[in-house]
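Trainee: I would like to go through an interface and ask what each label rests on.
Mentor: Go ahead; we take the labels one by one.
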Amino acid sequence: MPTEEREWLDSGFISQEQFAAIEDIREGRVFSISSELQGLLYLGVLLLATGTGIIIYNHIGSVGHLIAIGLIAILCAGSYWYIFSRSVDYSPSKTDDPNPYYGYLTLLAALLSASLLTYLQLQFEAFGDQWSWLTLVTAALFAYIAYRFDHIGVLGLAITSLASFLGLRIEPDLFNPSITLDGLYYYNTGIVLAIALAVIGLWLKSKEIKDHFTPVYMQFAALLGLLSAMSATFDLGLVSWYSVAAIVLSACSVYYALRVKSTWYMLYGVSVAYIIVSAWVIHFCWEVLDGDNIILLFIYFTASPIVPLLLILKSRRRFK
Amino acid sequence: MISAYTIEQISALRHQLKARKWLKAGLVNQDKHDLIVEAYPSNLYRVKLAMAALLFLGGTVVVIGLQLTIAMSFLNELEDLLGFPTLIMGLLVLVFAEWLLIREQCHHRTGMLQAVYLHGLQLLIASSAYFFDDNEIIVVLTAFILSLLASLRYMDRFALASALVCFGVFVFQLFDSFDGMMVYFVPIFLAICYGAAAFWLDRLSKSGEHWMYGDLINAGKLFSLILMYISVNVLVVSSGGNLLMNLDGQLPFAWLFIALTILLPLTMFYFGWKNRDRILLNIGGIGAVLSVPSIKLYFEMPTNEFVIAFVGVLLIVTAILLIRYFSAARNGISSAKEQRQSSSILKILEAAQAFQQGEKPTTDTFGGGEFGGGGAEGKF
């Protein structure tokens with residue numbers, strides 16, 4: 001069967017050796033099961049971390065809990081011993097893991113530490129009744145692990161813990177995915193935290209300190225900021241500075257998308273801006289025109305996406 | 001040819017995609033990649049996933065808004081003849097997709113094309129409901145045929161998945177209409193049909209006859225295998241029986257479905273491993289994991305937190321042992337990433353070539369890293 005690779009060989013684009021190597025992979029003579037084994041490893045880490053969390057929650061104060069905690073502590077200590085003993089020295093640039101499972105054991109160590117800290121709080125009330133301080137300590141620990149052992153996943157956990165310390169959380173409701181925001185404090189906190197994360201991410205990038213972490217900061221910043229401003233707009237009324245904030249943050253997201261050539265920030269920015277502007281139009285048609293001109297709405301919804309779509313189509317080469 | 005694209009367009013696109021694939025794998029360097037892309041220019045317009053999602057949403061809003069505007073304007077006049085305008089509208093939308101998006105702008109998996117043609121198909125299906133008096137069997141059959149044709153015409157995996165699901169619904173509706181015991185055989189019949197489809201697509205893929213549809217054929221095999229497993233999964237069949245036939249948990253031939261829930265993924269896994277077929281291997285592996293919660297309904301299994309933690313430890317240890325065992329490739333199977341392997345392969349080949357020519361081998365070719373025995377050494 002003639003293949004593209006054969007054509008390249010005939011045209012001199014690749015050497016016979018390169019062709020042979022490609023054919024080995026294509027024909028299955030060389031078969032990598034790396035991603036499958038990493039999936040297995042990830043599943044194992046998740047199950048172990050979940051299991052230990054439930055053990056602590058269910059068995060605190062019972063006779064056998066000390067044994068369980070002891071086992072978890074041993075596992076945790078073992079994980080730390082392994083990752084410290086195999087780690088390369090800290091470097092502000094990206095470092096490679098010494099082996100394929102090192103990253104997963106780092107994640108396991110972080111998750112088990114969080115379980116043990118929770119146990120300390122439950123059993124000894126280390127932070128009194130101030131549970132939120134536990135999440136701050138956990139966030140600090142995660143941040144240390146993320147930077148020391150160069151682990152993007154643990155950095156995500158650190159940012160999530162920090163948001164949790166500040167009282168923010170996302171409801172895992174498929175049909176109503178929104179930030180739980182019971183008041184002004186949470187909207188403001190969400191927006192301020194988003195701006196702070198973006199500033200930190202960009203500053204660290206400018207200083208070339210783990211600049212491959214910047215996308216994590218920016219993703220959290222974009223989602224948190226846009227969701228907070230949008231939720232506030234719908235909760236507190238369209239005529240509020242939050243709707244302006246949502247538009248400004250959307251513009252920032254689109255600007256950043258064009259700058260780093262990332263389509264995701266473009267998706268976030270355009271979607272939120274479109275939702276806010278559409279809400280304004282609906283509000284105008286309903287409140288000002290008393291719903292008499294519903295055809296205007298249909299015309300709006302037909303015509304309105306055309307402008308952003310044309311802009312996107314025109315700017316498509318920027319994202320290649 | 002049924003495809004909306006020419007052989008030259010698809011061929012050039014395949015060259016570009018393959019060049020990018022082998023560039024990522026470290027088997028072709030950037031210069032060669034650029035040369036290949038230049039030699040096979042493709043005018044097909046494709047975008048990244050996020051952009052496709054955005055264009056899909058935007059396109060959907062436009063076509064629905066346009067349709068509602070027209071419907072609101074002419075509904076009173078056409079109320080008695082709703083089927084015809086729906087049919088005409090559907091055809092017009094498809095003509096728009098063909099003429100403007102494909103012929104003029106060469107859209108190919110852009111999201112916008114999908115939004116437009118899917119809307120056109122929905123209108124055609126809706127008109128069939130009107131013409132055939134809401135006959136569910138005919139509506140689903142129409143959906144199946146149109147989705148299948150669309151998948152071939154636009155080379156779209158989404159339409160193919162939709163066609164395969166529609167086929168399952170059609171079989172259920174058909175067997176259910178016989179008012180007998182036939183409906184109980186739907187899961188087995190579907191599993192056989194999807195299994196046969198997967199087998200046929202596998203043969204087709206290996207023969208290379210329809211190379212233009214290579215991606216679609218592989219996607220079809222993947223979807224067929226997933227649907228085959230879903231068709232016999234005891235939890236799905238039991239829940240479906242309760243929901244659609246009020247079985248109240250009394251599933252006929254439950255033992256057969258339990259056996260298939262366990263054995264089918266294991267069989268897929270075995271053949272995936274034996275034939276080095278990644279699709280079979282992955283579906284089999286995931287299916288085997290999903291079998292555990294599926295059969296929990298029928299078997300008392302210890303699922304307390306200690307078991308969860310123990311299984312976690314077991315998986316971690318197994319994975320680490322396997323990674324170490326396959327760190328040096330055994331029978332061509334390796335736990336190293338493909339690009340690491342390929343870089344290592346090239347290093348060996350390059351070193352051998354340089355040795356023959358009496359040259360010192362370079363150490364930075366293709367950016368792959370240092371060779372370390374089967375590509376599994378620490379430094380890359």
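Trainee: How many residues does the contact take from chain A and from chain B?
Mentor: Contact means heavy atoms within 4.5 Å, and by that rule 68 residues come from chain A and 74 residues from chain B. This is a predicted model, in which local features need pLDDT of at least 70 and side-chain atom pairs count only at pLDDT 80 or more, while totals for chains, interfaces and linings use all residues. Residues are numbered from 1 along each chain as its sequence is written, chains are lettered from A in the order in which they are written, and side-chain values use heavy atoms, with hydrogens and water left out.

Trainee: What is the area buried between chain A and chain B?
Mentor: About 6400 Å², with 74% given by carbon and sulfur atoms. Buried area is the accessible area (1.4 Å probe) that two parts lose on being put together, summed over both. In chain A, the residues that lose the most area to chain B are A:Trp8, A:Phe13 and A:Phe31, together 12% of what that side buries.

Trainee: Why is the meeting of B:Arg278 and A:Glu36 called a salt bridge?
Mentor: The term asks for a side-chain nitrogen of Lys or Arg within 4 Å of a carboxyl oxygen of Asp or Glu. The N to O distance between B:Arg278 and A:Glu36 is 3.1 Å, so the pair meets the rule. Across the interface of chain A and chain B, 4 salt bridges are found.
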